Amino acid sequence: MPKFYARRRLGTIAALTALIASAGILNGPSASAALPTPVSASTARTYLASLPVSTEVRTGYNRDLFPHWITVSGTCNTRETILKRDGTNVVTDSACASTSGSWYSPYDGATWSAASDVDIDHVIPLAEAWDSGARNWSTSQRQSFANDRTRPQLLAVTDNVNQSKGDKDPAEWMPSRTAYRCTYVRAWVQVKYYYGLSVDSAEKSALQGYLASC
């Protein structure tokens, strides 16, 4: 092959490689959380309209009343199962602990390579659930809620973001990444509706506002 064509071929390959790499960057992170898809915004608005409005009651709350991170299968508990679900290329040891992988936090857009930097967020915080009706549940019901992998209730996110959220509702806290807020409020309403939980007036107003722009 003449040198001119060889150089031209190499140049074309280099250009294609660069194009593919840039496309990967433009398409977003390689790791992405796998929250079960929430109901549509229109369905969430219908659900929200049916939720009872009530003043929150915190009396008697204790996190231990919601047994969480129960065994799912083998040596894997709920946290470890969600880490594997939401991560990319996750490797675990014989105890099901994640030893490597990549986790993208949709709340703030950060990607982490250590499981220790990731918390499993309860979209409806346990204390918020207690305040809005879970105080009347059995321990078994609270355990099911705290480990619910079927509804959009558990999500791997940046640990300090989860800690900043704490037990706040959408009137007090929302993900800093605005592109995720519609998903977040749809999930919030779906979980509250499924479990028959109430909302307070400020919470309902905030949810209505966010859903109106979904």
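Reader: Is the crossing of helix 7 past helix 8 left-handed or right-handed?
Author: Both helices are DSSP runs numbered from the N terminus (H or I, at least four residues; for strands E, at least two). A crossing is left-handed if the near helix is turned anticlockwise from the far one by less than a right angle, right-handed if clockwise. Helix 7 passes helix 8 in a crossing that is left-handed.

Reader: At what pLDDT do side-chain atom pairs count?
Author: Residues are numbered from 1 along each chain as its sequence is written, and side-chain values use heavy atoms, without hydrogens or water. The model is predicted: local features need pLDDT of at least 70, totals for chains, interfaces and linings use all residues, and side-chain atom pairs count only at pLDDT 80 or more.

Reader: Oblique or roughly parallel: how does helix 7 lie to helix 8?
Author: Their axes (lines fitted to C-alpha atoms over the stretch in contact, angles 0 to 180 degrees between N-to-C directions) come within 9 Å and cross at roughly 135 degrees. Under 35 degrees is roughly parallel, over 145 roughly antiparallel, 65 to 115 roughly perpendicular, the rest oblique. The angle therefore makes helix 7 to helix 8 oblique.

Reader: Which residues of helix 8 make that contact?
Author: Contact means heavy atoms within 4.5 Å. Helix 7 supplies R181, V185, R186, W188, V189 and K192. From helix 8 come E203, L207, Y210 and L211.

Reader: How many charged residues does the contact of helix 7 with helix 8 have?
Author: Ala, Val, Leu, Ile, Met, Phe, Trp, Tyr, Cys and Pro count as nonpolar, Asp, Glu, Lys and Arg as charged, the others, Gly among them, as polar. Six residues are nonpolar and no residue is polar. The charged ones number four.

Reader: Which residues of helix 7 meet helix 2?
Author: Helix 2 (residues 41-50) and helix 7 (residues 181-195) pack at about 45 degrees, with axes 9 Å apart. That angle makes helix 2 oblique to helix 7. Helix 2 contributes A41, A44, Y47, L48 and S50. Helix 7 contributes R186, V189, Q190 and Y193.

Reader: How does helix 2 run to helix 8, roughly parallel or roughly antiparallel?
Author: The axes come within 10 Å and cross at roughly 160 degrees. That angle makes the two helices roughly antiparallel.

Reader: Which element gives the most to the lining of the largest pocket?
Author: The lining has 15 residues, with R63, D121, H122, N162 and G166 nearest the pocket centre. Helix 4 (126-131), helix 6 (159-165) and strand 6 (118-122) each supply at least two. The most, four residues, comes from strand 6.

Conventions:
On a 1 Å grid over the protein atoms alone, a cavity is a set of points where a 1.4 Å probe fits but cannot get out, and a pocket is an open set with protein on both sides within 12 Å along at least five of seven lines; lining residues have an atom within 4 Å of a point.
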